Amino acid sequence: MTAAAVLVAYAACLGTLGSRILGRARWTTRAPLLAIFIYLAAGWSVIAALGLAGLTLAVHATALGGGLSHLIGACVLRLRATYGTPGGATVAGLGLTLAGAVAARTTLTALTHFRAAGRQALRHAQTARLVGQSQPALGAVLVEHAQPAAYCVAGRQPTVILTTGAVQVLEPGQLDAVLAHERAHLTGRHHRMVAMARIGREALPFLPLMRDAEAQVARLVELHADDAATRAHDPRLLATALVLLATPASPAPALAAGATDSVQRIHRLLGPCEPLGQVRRQLLRATAAALALTPVLLALTPAVVALALGKLPGT
């Protein structure tokens, strides 16, 4: 019961306060990829904590520290004990309900999202290839449309899509920078990062951290793609291209060069900040790892304590 209460309290605190803490952090624009990992680690840490809380209610936490046979035996003993203890069956039932609900909702949400997004992305890529013209020199498909736009679609047929309007208004250097930005989305698997944040929001929409993570990750992947593009191209070229591409909206399954926080991105490109130091980066990596591991450690703490005191069966 104690381990479950601690896990629920941890999930509630992180899910409520995590968004406020990360939202106020100024370092995120200086290290967008690290910020993405921390947002995702925090969000999925909440989901894991709630699932493990239910599991520790149904099965005594010390059983989680043993092997598979020990865990199965503990489950049998736990089921026998619950029916001989007043309220025990209710607590175990609540635990199984919580763990099952978290696991089922997260799994169904993930399957539904990836299936729908995969079909939509494949359909869009196939349509673009059908109505457009492949441009091997650009590494993109050129679609006839007066509105300037550039975006990419991931999935089984990852595709960078340009409109003829974009080719007409962008200078060669600007076009190269935009294409580098879009390729960075595909090579960095940014669509999956946004999808993981969206699944977390749909699984637990009542928590501020989960609600804010999707928008923040979508913003941060654009910054990370900007950084990748400016390693080989003048940041001013990409900044001026964003001005020309800022108006149109991209299709639902796509990530577009000019679709998110263009004003902030332009200022960032024209006046880049000092990158984070190595020590601070290591601390942030450790923070992401700690967020990912904390639910498991909290669930196993009773087992570790019992093992240290020699109270686990068979020790």
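Author: Let us begin with burial: a residue is called buried when its relative accessible area is under 20%, exposed when that area is over 50%, and partly exposed in between. The model shown here is predicted. In this model Arg265 has a relative accessible area of 1%, so Arg265 is buried. Asp226, at 0%, is also buried.

Reader: How should I read a salt bridge, and what joins the side chains of Arg265 and Asp226?

Author: A salt bridge requires a side-chain nitrogen of Lys or Arg within 4 Å of a carboxyl oxygen of Asp or Glu. The side chains of Arg265 and Asp226 form such a bridge, with 2.8 Å from N to O. Because Arg265 belongs to helix α10 and Asp226 to helix α8, the pair ties together parts that are 39 residues apart in sequence.

Reader: What does the pair Asp227 and Arg268 link?

Author: Asp227 lies in helix α8 and Arg268 in helix α10, so this pair links distant parts of the chain, 41 residues apart. Their side chains meet in a salt bridge of 2.9 Å, N to O. Asp227 is partly exposed, with a relative accessible area of 21%, whereas Arg268 is buried at 14%.

Reader: How many salt bridges does a search of the whole structure find, and which residues are joined into one network?

Author: The search finds seven salt bridges. Through shared partners, Arg198, Arg201, Glu202 and Glu214 are joined into one network. One of the bridges is between Arg201 and Glu202, at 3.8 Å from N to O. Arg201 is partly exposed at 27%, and Glu202 is partly exposed at 29%.

Reader: How does one find empty space?

Author: Rolling a probe the size of a water molecule over the atoms shows where empty space is left. In this structure, the second largest pocket holds about 390 Å³ of space. Its lining has 19 residues, with Thr29, Arg30, Pro32, Asp227 and Arg268 nearest the centre. The lining comprises 10 nonpolar, three polar and six charged residues. Helix α2 contributes the most to this lining, with four residues.

Reader: How many cavities of 30 Å³ or more are counted, and what lines the largest cavity?

Author: The count comes to one cavity of 30 Å³ or more. The largest cavity holds about 40 Å³ of space. Elements that give two or more residues to its lining are α2, α7 (190-203) and α8. Among the lining residues are Tyr39, Trp44, Met196, Arg201 and Met210. In the lining of this cavity, seven residues are nonpolar, two polar and one charged.

Notes. Residues are numbered from 1 along each chain as its sequence is written. This is a predicted model: local features need pLDDT of at least 70, side-chain atom pairs count only at pLDDT 80 or more; totals for chains, interfaces and linings use all residues. Side-chain values use heavy atoms; hydrogens and water are left out. On a 1 Å grid over the protein atoms alone, a cavity is a set of points where a 1.4 Å probe fits but cannot get out, and a pocket is an open set with protein on both sides within 12 Å along at least five of seven lines; lining residues have an atom within 4 Å of a point. Grid points are joined across faces, edges and corners, and a volume is the space filled by probe spheres set on the points. Ala, Val, Leu, Ile, Met, Phe, Trp, Tyr, Cys and Pro count as nonpolar, Asp, Glu, Lys and Arg as charged, and the others, Gly among them, as polar. Buried means under 20% relative accessible area, exposed over 50%, partly exposed in between (1.4 Å probe, protein chains only).
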